Amino acid sequence: NVIWEPQEGSQTVYLNCPIYEVLYDGTRGSQKTDSLIMDFAQHVGQGFGAAWQGIIFRRTYKQLDDIIDRTKKWYYQIFPGIKYNESTYTWKWPAGEKLRLRHMDNETDYWNYHGHEIPFIGWEELTGWPDNKCYETMKSCCRSSDPNVPRKIRANTNPWGIGLNWVKKYFVDPAPAGEVIVNEADEKRVRIHGSILENKILMEADPAYLKKLNAISDPNRRKAWRDGDWNITAGGALDDIWDPNKHVVEPFEIPHTFHLDRSFDWGSARPFSVGWWAESDGSDIKM
C-alpha cells in the first residue's frame, strides 16, 4: 500500500517522497536528472552542515558531463558561495555540505568508499550497470552518525540498457508504480513514473521533440523512450524480432504426442541454464 500522500506531478512526488529507496523512471525528457540533483540540494541549509554528504554515480567519468553541466546551471544560481572543485568533481557549500560526482564501473570500486558515511547515494541511469552488485554494495555506506540526517538512496533511468532485467526485477515487477515494497529488513522502496508530457517547458520550447521519439524505428527503443514501457527487450540478441504478443502463450496441457527436447548451457555470468521444449506435431491443445 502507498504510505504517503503524493502531490500532483511526478517530479514533486519524487522530491517529497520519504521512502528509503526510490527509482524515478519514465520517458525521455521527464526531468529525471534535475530531480536527482535537486533531491540532494533540498536538504542543504537545513542545519545538517558537514553531516549532509552525498554522492551521485555514473558508470564512467565521461558520462558525468551532463550531470556536471546541470549542477553548474542550477547550483550557482541557487546557492551563493557554493564552490565546485573541477579536479575532484565535488560541490561544497559554505556550511560544509558536500556532493561528490563519481564513476563506479564495477563492485571493486566500492573499496574507494568502504567505511564512509554517505547518507545520500544517487545513481544516474541505473540500467547502465549490468547487474546489482555496485548498487547493493554501496548500501552499506548509506548511513550517518547524526540521527537527524535523512538517509536516501535515489536512482533514475529509462527502461533501456544492459541492466534492464535486474532493475525491472527489483523495482518494477514486484509492484505497480507508487506502491511501496517492504523487504525482510523492513526497508522500503518504491518506483515513481514520470512522463515527458509533464515537462511543459520542454514541450513548449521544443514541440518537435515528441515527434522525434515517435519516429524512432526500433519499436522497443520507441516504447522505452517515448512511453517509459518496461515490457520490452533491450541488450539481447533477439531484440529486433521478439514480440510478446507472438512469442508468449497462456499455459496449456501439452499433448503426449508432442516431441520433448532438453537443452543445457553451463553459462558464464550465471551457473547454468536448462531449457525444456515441447515441439508441436499439429495436435489440438486444450487451454
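A residue is called buried here when its relative accessible area is under 20%, exposed when the value is over 50%, and partly exposed in between, using a 1.4 Å probe and protein chains only. Glutamate 21 will come back below, in the part on charged pairs.

**Reading the model**

You are looking at a predicted model, in which local features need pLDDT of at least 70 and side-chain atom pairs count only at pLDDT 80 or more, while totals for chains, interfaces and linings use all residues. Residues are numbered from 1 along each chain as its sequence is written, and side-chain values use heavy atoms, with hydrogens and water left out.

The predictor's confidence in each residue is the pLDDT, which runs from 0 to 100. Its mean over the protein chain is 89, and 93% of the residues reach 70 or more. Residues 1–7 have a pLDDT below 50, and beyond near neighbours in sequence this stretch has 20 contacts in the model, a contact being heavy atoms within 4.5 Å. Where pLDDT is low, the predicted coordinates should not be read in detail.

**The overall picture**

The C-alpha trace of the protein chain spans about 75 × 45 × 40 Å along its principal axes. The chain has 287 residues, and 43% of them count as buried. It contains 9 helices and 11 strands; these are DSSP runs numbered from the N terminus, with helices (H or I) of at least four residues and strands (E) of at least two. Among contacts with a separation of 6 or more, 66% are between residues 24 or more positions apart.

The accessible surface comes to about 16200 Å², with 52% belonging to carbon and sulfur atoms; such areas come from the Shrake-Rupley method with a 1.4 Å probe, and for residues only the protein chains shown count as cover.

**Helices and a strand inside the fold**

Helix H2 (residues 32–41) is largely enclosed by the rest of the structure, because 9 of its 10 residues are buried. Among them are Leu36, Ile37 and Phe40. Helix H5 (residues 164–172) is also largely enclosed, since 7 of its 9 residues are buried; Trp166, Tyr170 and Phe171 are among these. The cover over the buried residues of H5 includes strands E1 (21–26), E8 (181–182) and E9 (188–194), along with helix H4 (133–138).

Isoleucine 55 sits in strand E2 (residues 53–58) and is buried, at 1% relative accessibility. Not counting residues up to four places away in sequence, the residues that isoleucine 55 touches include Leu99, Tyr113, Ile118 and Phe120. Arginine 70, in helix H3 (residues 65–78), is partly exposed at 29%. Leaving aside neighbours within four places in sequence, arginine 70 is in contact with Thr33, Asp34 and Ile37.

**Charged pairs**

Side chains of opposite charge can pair when their charged atoms come close. A salt bridge is counted when a side-chain nitrogen of Lys or Arg lies within 4 Å of a carboxyl oxygen of Asp or Glu, and the count comes to 13. Here are some of them:

| Pair | Closest N to O distance |
|---|---|
| Lysine 139 and glutamate 21 | 3.3 Å |
| Lysine 133 and glutamate 107 | 4.0 Å |

Lysine 139, in the loop between H4 and strand E7 (152–157), and glutamate 21, in strand E1, are 118 residues apart. Lysine 139 is buried, at 15%. Arginine 191 lies in strand E9 and aspartate 25 in strand E1, so this pair ties together parts that are 166 residues apart in sequence; both residues are buried. Lysine 133 belongs to helix H4 and glutamate 107 to the loop between strands E5 (98–103) and E6 (120–123), so their pair ties together parts 26 residues apart in sequence. Lysine 133 is partly exposed at 41%, and glutamate 107 is partly exposed at 35%. Shared partners also join Glu21, Glu136 and Lys139 into one salt-bridge network.

**Cysteines**

How many disulfides does the structure hold? It holds 0, a disulfide being a pair of cysteine sulfur atoms within 2.5 Å. The sulfur of cysteine 17 is 14 Å from the closest cysteine sulfur, in cysteine 142, which is too far for a bond. For cysteine 142, the nearest cysteine sulfur is that of cysteine 141, 8.9 Å away.
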